[in-house]
Amino acid sequence: MATLILLRHARSAANGSGVLAGRSPGVALDSAGTAQVADLQRRLAEVPVSSLVVSPLQRCAETVREFAAARGLEPVVDERLAEVDYGDWTGRKVSELTGEPLWSVVQQHPSAAVFPGGEGLAQVQARAVAAVREHDARVSAEFGPQAVWVACSHGDVIKSVLADALGLHLDGFQRIVVDPCSLSVVRYTELRPFVVKVNDTGSDVSALLPPRDASSDAVVGGSTGAAS
């Protein structure tokens, strides 16, 4: 199957304000986020990206705009990669939310967390995993098993996809760190996903291109490539 690069949107104005932006409209990148976007071209310079799928929210669109134009890619917008619907929590300060009884559930037992007027984190994982697996199959069929594609989404959404790929229960997904404009890489196979990289914020990822002899077997010794 193809190789998936999970890209979290670059830093937004909400990231620096301590407000839970959720699906609020008009949340743009801040100056730090704009700088991160400028560096994205360098980081992915050697990676031949075949397809680009993106959350419908503005901060994701801004993150991929220059990259898509430079590569001649038309972003595919998928609602299933949108930010968590935080419902009544949307737009509130995180410092206020930490006093809510639900906050500890979100931290310790997120699979049971349902945001008032919004959605549950288990729902988020189900829709996001379904989306990436569907697009991965599409990209593999259209461009071949050596293809690489990018999905630009949001922190909790990406963490939920990574938890699934790691075989980790959703209740452990808060142990995963996904910073703004970070790259995480998953390679799906017929038998299992391989998590190649998590939360990369600086290096280029050309070394993560799929090996020609990639298989569904995990090689003894820890490598997913040919044994040395």
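This is a predicted model: local features need pLDDT of at least 70, side-chain atom pairs count only at pLDDT 80 or more; totals for chains, interfaces and linings use all residues.
**Figure 1. Ser-55 sits in the loop between β2 (49-54) and α2 (58-71).** Residues are numbered from 1 along each chain as its sequence is written, and side-chain values use heavy atoms, with hydrogens and water left out. Is Ser-55 buried or exposed? With a relative accessible area of 2%, Ser-55 is buried (buried means under 20% relative accessible area, exposed over 50%, partly exposed in between, using a 1.4 Å probe and protein chains only). Look for Leu-81 too: Ser-55 and Leu-81 are 26 residues apart in sequence, but their C-alpha atoms are 4.8 Å apart in space. Setting aside neighbours within four places in sequence, the contacts of Ser-55 (heavy atoms within 4.5 Å) include Cys-60, Val-77, Asp-78 and Cys-152.

**Figure 2. His-154 is in the loop between β4 (148-153) and α6.** At 0% relative accessibility, His-154 counts as buried. What joins the side chains of Ser-55 and His-154? A polar contact of 2.8 Å does. For that term, picture a pair of N or O atoms within 3.5 Å; within protein, one must be able to donate a hydrogen and the other to accept it, and residues adjacent in sequence count only if both atoms are side-chain atoms. The side chain of His-154 also reaches the backbone nitrogen of Glu-83, at 3.4 Å. Not counting residues up to four places away in sequence, His-154 touches a group of residues, among them Arg-8, His-9, Leu-57 and Arg-59.

**Figure 3. Ser-51 belongs to strand β2.** Ser-51 counts as buried, at 6% relative accessibility. As for Ala-68, it is 17 residues from Ser-51 along the chain, and the two C-alpha atoms are separated by 9.3 Å.

**Figure 4. Helix α5 (residues 121-143) crosses helix α6 (residues 155-166) at roughly 75 degrees.** The two axes come within 9 Å; axes are lines fitted to C-alpha atoms, for helices over the stretch in contact, with angles from 0 to 180 degrees between N-to-C directions. So α5 and α6 are roughly perpendicular to each other (65 to 115 degrees counts as roughly perpendicular, under 35 as roughly parallel, over 145 as roughly antiparallel and the rest as oblique). On the α5 side, Val-124, Gln-125, Ala-128, Val-129, Val-132 and Arg-133 take part, and they meet Val-157, Ser-160, Val-161, Ala-163 and Asp-164 in α6. By class, this contact of α5 with α6 has seven nonpolar, two polar and two charged residues. In this sorting, Ala, Val, Leu, Ile, Met, Phe, Trp, Tyr, Cys and Pro are nonpolar, Asp, Glu, Lys and Arg are charged, and the others, Gly among them, are polar.

**Figure 5. Gln-174 lies in the loop between α6 and β5 (183-188).** At 24% relative accessibility, Gln-174 counts as partly exposed. Gln-174 touches Val-106, Gln-107 and Lys-159, leaving out residues up to four places away in sequence. With Lys-159, there is a side-chain to side-chain polar contact of 2.8 Å. Ala-163 is 11 residues from Gln-174 in sequence and 9.2 Å away in space, C-alpha to C-alpha.

**Figure 6. Cys-181 and Asn-199 have positive phi values.** Most residues other than glycine have a negative phi. Cys-181, though, has a phi near 65 degrees, and the phi of Asn-199 is about 60 degrees. Cys-181 is found in the loop between α6 and β5 and is buried, with a relative accessible area of 2%. Asn-199 is in strand β6 (residues 193-200) and counts as buried at 19% relative accessibility.

**Figure 7. Residues 222-228 have pLDDT under 50.** Think of pLDDT as the predictor's confidence in each residue, from 0 to 100. For this stretch, the model has seven contacts beyond four places in sequence. The chain averages a pLDDT of 91, and 91% of the residues score at least 70.

Methods: Helices (H or I, at least four residues) and strands (E, at least two) are DSSP runs, numbered from the N terminus.
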